[in-house]
Amino acid sequence: MARESTCRFAILGMLCREPMSGYDLRSAIEQSVGHFWQESYGNLYPTLKQMAQEHLVELEPEEPSRGGRIRKAYRVTAAGRAALAQWLRRPVLPHVERNELLLKLFFGAQVGPADSLAQVERSRSEAEGLLAALRLIDENVRHSRGDDPERPYWHLSIRAGLLGLEAHLRWCDEAREALQRMERTTGSTKKRKAR
């Protein structure tokens with residue numbers, strides 16, 4: 001069975017919050033679920049068009065924006081809310097994560113521990129930055145509108161991101177130690193062979 005595009009459900013979920021243009025949707029996705037979900041403009045606009053044809057979303061009455069351009073904002077329809085609810089109740093399909101770092105480490109013997117260590121260090125640095133940003137988002141969510149019924153759900157997804165990044169940093173530390181030991185072993189083996 002072909003995997004159904006989840007882009008449409010990310011759009012429906014965002015539009016349940018408020019009507020938005022394609023640009024607004026992209027920004028909302030980046031600022032709210034960007035730590036675990038991404039959508040490109042190239043995917044958003046064709047999906048919005050298709051969803052409008054399926055009557056899952058509809059255009060709001062057009063209104064000029066500050067720059068004088070017409071702003072096309074979409075809102076979710078009753079059929080769209082029903083489709084989202086149906087999707088939310090279905091089991092999550094299993095998937096295999098594509099992780100380029102792990103793939104490079106798997107074949108790391110081809111270049112040696114120093115190059116692999118550099119990959120791990122870059123990944124660790126990136127994860128530290130993401131963790132700091134996610135902690136700020138978590139802080140903002142915890143201190144935002146206390147009566148918003150969506151807040152506890154947002155917090156759960158943020159916690160998964162925080163814990164995942166913390167685990168990744170611990171793994172990076174372990175990988176660093178192992179690669180440094182390999183590098184020392186490889187270096188002393190090369191020195192013995194050179195004699």
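Among contacts between residues at least 6 apart in sequence, what percentage join residues at least 24 apart? In this chain, 60%. Keep in mind that this is a predicted model.

Start with the overall layout. The chain has 195 residues, and 28% of them are buried. Its secondary structure comes to seven helices and four strands. Read from the N terminus, the order is α-α-α-β-β-β-β-α-α-α-α.

Now the interior. In soluble globular proteins, nonpolar side chains tend to be buried together. Here the largest nonpolar core has 20 residues. The ones with the most contacts inside that core are I11, L12, M14, L15, L25, L48 and V57. Which elements build it, with at least two residues each? Helix 1, helix 2 (22–32), helix 3 (41–53), strand 4 (74–76) and helix 4. Helix 1 gives the largest share, six residues.

Next, helix 2. Its buried residues are G22, L25, R26, S27, A28 and I29. What do they pack against? Helix 1 and helix 3. Note R26 on that buried list.

Last, helix 1 against helix 4. Two packed helices are described by the angle between their axes and the distance between the axes. For helix 1 (residues 7–17) and helix 4 (residues 78–89), the axes come within 10 Å. They cross at roughly 120°. That angle makes helix 1 oblique to helix 4. The crossing is left-handed.

Which residues meet there? From helix 1: F9, L12, G13 and C16. From helix 4: G80, R81, A83, L84 and W87. By class, that contact has six nonpolar residues, two polar and one charged.

L12 is the residue to look at on screen. L12 meets helix 4 as part of this contact.

Definitions and conventions. Residues are numbered from 1 along each chain as its sequence is written. This is a predicted model: local features need pLDDT of at least 70, side-chain atom pairs count only at pLDDT 80 or more; totals for chains, interfaces and linings use all residues. Side-chain values use heavy atoms; hydrogens and water are left out. Axes are lines fitted to C-alpha atoms, for helices over the stretch in contact, and angles run from 0 to 180 degrees between N-to-C directions. Angles under 35 degrees count as roughly parallel, over 145 as roughly antiparallel, 65 to 115 as roughly perpendicular and the rest as oblique. A crossing is left-handed if the near helix is turned anticlockwise from the far one by less than a right angle, and right-handed if clockwise. Contact means heavy atoms within 4.5 Å. Ala, Val, Leu, Ile, Met, Phe, Trp, Tyr, Cys and Pro count as nonpolar, Asp, Glu, Lys and Arg as charged, and the others, Gly among them, as polar. A nonpolar core is a set of buried Ala, Val, Leu, Ile, Met, Phe, Trp, Tyr and Cys residues joined through side-chain atoms within 4.5 Å. Buried means under 20% relative accessible area, exposed over 50%, partly exposed in between (1.4 Å probe, protein chains only).
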